[in-house]
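Here are my notes on the model you sent. Please read them with the structure open.

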Amino acid sequence: LEVPAAVSPAQSNRHRTAAGPSHRRAQPLLVPMVQKKYAPAEGTPTHTRRMSLMSETLARGALTGTAFPPVATCPDFPLATFFYLDQVPSDADLTHTMRKIADFARLKSRVVPDTSRKKHNYVWEEVVDIEQTLMQHVTRTEVGSETELREAMDNLLVAPLETTRPLWDVCVLTLKADAPWTPSKGGPKKKPPIVCVRVSHAVGDGLSLVNVMNHLTDGESGVLEFKRRVPTRTNCVMSYMTNPVKILDLFVWLFNCVYAVLAAIATPVGKRDSHTAFYDAKEVVAFSGNRKMITCDGFLLSDLREIKNKFTCTINDVVCACLAGALRRYDETIAARNTASQKKSNFSKNPYTRAAIAVPFVDGRPKDPAFLCNNWTFVSLVLASGPSLTIVERLRLTKKRCDLMKTTPAAHAVSALNVVAAGLLGPAFQSQTIYDFMSKHTMVFTNVPGPAKQIKLFGGKPVRDMTFAVSNLINQVSVMSYAGQMGFSLVVDPNKTPDAHLVGTYFGEELRALMGADGERLGTK
């Protein structure tokens, strides 16, 4: 999948200066190694490491139980990946894979407070006997039906990680012998055995953790197929000054940049999204204590690429356009079910629906697979969910908005807002700012590029399929590619978002409609 990335040339220059020649030296593929530039500052004990602002914010959430203010009643949620296997892995199989986890400094370190520092109050402290304590991270759960399995998987999305050890764990889910199995809509893709690997977001972002997955594979690693966007080069100033059309384009771009920055800064204090079946704008946004994972049917990446080439857009454009259409149809379906006496039937006819999209800052990342970081932020994308749009019109409007999002400094504005909130006004103000930003959106959307071919884990066992899911303050939609397919999961409050599996059904119908539509070259302006 193509990952939209926010890139800062200044950030890249700083990294090249700091890295020096060692950054340009070719390193063996997927052989973790900790270089001097990642080591602790001089005078710091070798078993501790400082954190970036983003990692410290996430680590504080893991240790204190939440990154949000008390009004949110929201715990810290781990990132969870469910691996579907053919055989139950033994303790030896699990240990074989977990030994490779210890190659990563953050995965063999726990988070500890450090009150001696003025700004960085949490540090990574290495667990020196990690090899002897690996099995403490493992639990095994046996279920007697598909219903029990879904309940166990849902619990794994909200149960906190143990904070006295490195912030990850492994749960092996198995099915009792002769247990009945009745698949349900939105349920797991396949029967157990399933291995769930949970890790704190403080350890790293999506691009970093994909490196971990590649290193854990047995034999040949799963090759990743995604492109990191490179900023396009602009023409010289004189070419703009001598061409009236380019002068107009320049002013339009400058206006869009100013608007994007102001919109990003104003989002926490701005208006909420419209009231829809997927977002309850009439109540205070808070965690209800109830979350359910909805697993949707996968789709062929080759179909997505066919649409991408036919309409000269990106795969992300296609996914966001189909998601917008699916949410619109879901809204209409739920509204038609409700009676006139039900207040929630009063959905907006022309909704203002936004997704908080996780965008990585790619520039400045070293090629060292052992380097884990949280170099990302959220940006707002207004979904093309208007009632009278065709799927091609949705795609055209989505591409326009995504192109604007990629070419303006909105991501850097949100990142700067987080720095100001945390660095100058303290953690309490920062957590309130995060809550104000997130609660204004209908959902969080994340896109994780997975291995392009089947991988083997846990003693050489083939991974038949995998599902990535994470719970959140608001509804979460997660997309992950694996072995030529794209699957996506939803984590929702089932009481407020009933029959959420319909979103996946409608997504597939929107995708097929695009495949059958006449292609056209969508504009870039």
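Is R99 buried, partly exposed or exposed? R99 counts as partly exposed, at 45% relative accessibility. The points below start with the whole chain and come back to this residue. Keep in mind throughout that the model is predicted.

1. Overall make-up. The chain has 14 helices and 17 strands. It runs to 525 residues, and 53% of them count as buried. Take the contacts between residues at least 6 apart in sequence: 79% of them join residues at least 24 apart.

2. Main core. Nonpolar side chains tend to be buried together in soluble globular proteins. Here the largest nonpolar core holds 66 residues. L107 and L473 have the most contacts inside this core. Helix α6, residues 206-216, gives the most to the core, with five residues. A separate core has 52 residues, including Y330, L383, L502 and V503.

3. Around L107. Beyond its neighbours within four places in sequence, L107 is in contact with I101, P166, W168, V199, V203, V212 and L372. V212 is also one of the buried residues of α6.

4. Helix α6. How many of the residues of α6 are buried? Nine of the 11 are, so the helix is largely enclosed by the rest of the structure. The buried set is L207, S208, L209, V210, V212, M213, N214, H215 and L216.

5. Strand β2. This strand covers residues 79-84. Six of its six residues are buried, so β2 is largely enclosed by the rest of the structure. L79, T81 and F83 point one way, while A80, F82 and Y84 point the other way; all are buried.

6. Partners of β2. Strand β2 pairs with β15 in the antiparallel sense, over six bridges. It also pairs with β7 (residues 194-199), again antiparallel and over six bridges. L79 shows both pairings: its bridge partner is V470 in β15 and V199 in β7. For T81, the bridge partner in β15 is F468. Note that V199 is also among the contacts of L107.

7. Strand β15. Residues 465-470 make up this strand, and six of its six residues are buried. Both faces are covered. D465, T467 and A469 lie on one side, with M466, F468 and V470 on the other.

8. Side chains of opposite charge can pair when their charged atoms come close. The whole structure contains 19 salt bridges. One joins E131 and R99, at 3.2 Å from N to O. Its two ends are 32 residues apart: E131 sits in the loop between β4 (122-126) and β5 (138-143), and R99 in helix α4 (residues 91-101). E131 is partly exposed at 41% relative accessibility, and R99 is partly exposed at 45%.

A second bridge joins D218 and K100, at 3.0 Å from N to O. D218 is in the loop between α6 and α7 (237-241) and K100 is in helix α4, so this pair ties together parts that are 118 residues apart in sequence. D218 is buried at 11% relative accessibility. K100 is buried at 17%.

9. K399 forms a salt bridge with D403, and the closest N and O atoms are 3.1 Å apart. The two are four residues apart in helix α11 (residues 391-407), so about one helical turn separates them. K399 is buried, with a relative accessible area of 6%. D403 is buried too, with 17%. Elsewhere, salt bridges that share partners join K189, K190 and D465 into one network. D465 is one of the buried residues of β15.

10. Surface patch. Which residues form a nonpolar patch on the surface? They are V420, L424, L425 and F429, with about 410 Å² of accessible area together. V420 belongs to helix α12 (residues 410-423). Its relative accessible area is 40%, so V420 is partly exposed.

Definitions and conventions:
Residues numbered from 1 in each chain as written. Predicted model: local features only at pLDDT ≥ 70, side-chain atom pairs only at ≥ 80, totals over all residues. Heavy atoms only, no water. Buried < 20%, exposed > 50% of the residue type's maximum accessible area, 1.4 Å probe, protein only. Contact = heavy atoms within 4.5 Å. Core = buried A, V, L, I, M, F, W, Y, C linked by side-chain atoms within 4.5 Å. Patch = residues over 30% accessible without salt bridge, like charges linked within 9 Å, V, L, I, M, F, W, Y side chains within 5 Å. Areas by Shrake-Rupley, 256 points an atom, 1.4 Å probe, with all protein chains shown as cover. Salt bridge = Lys/Arg side-chain N within 4 Å of Asp/Glu carboxyl O. Pairing = 2+ DSSP bridges.
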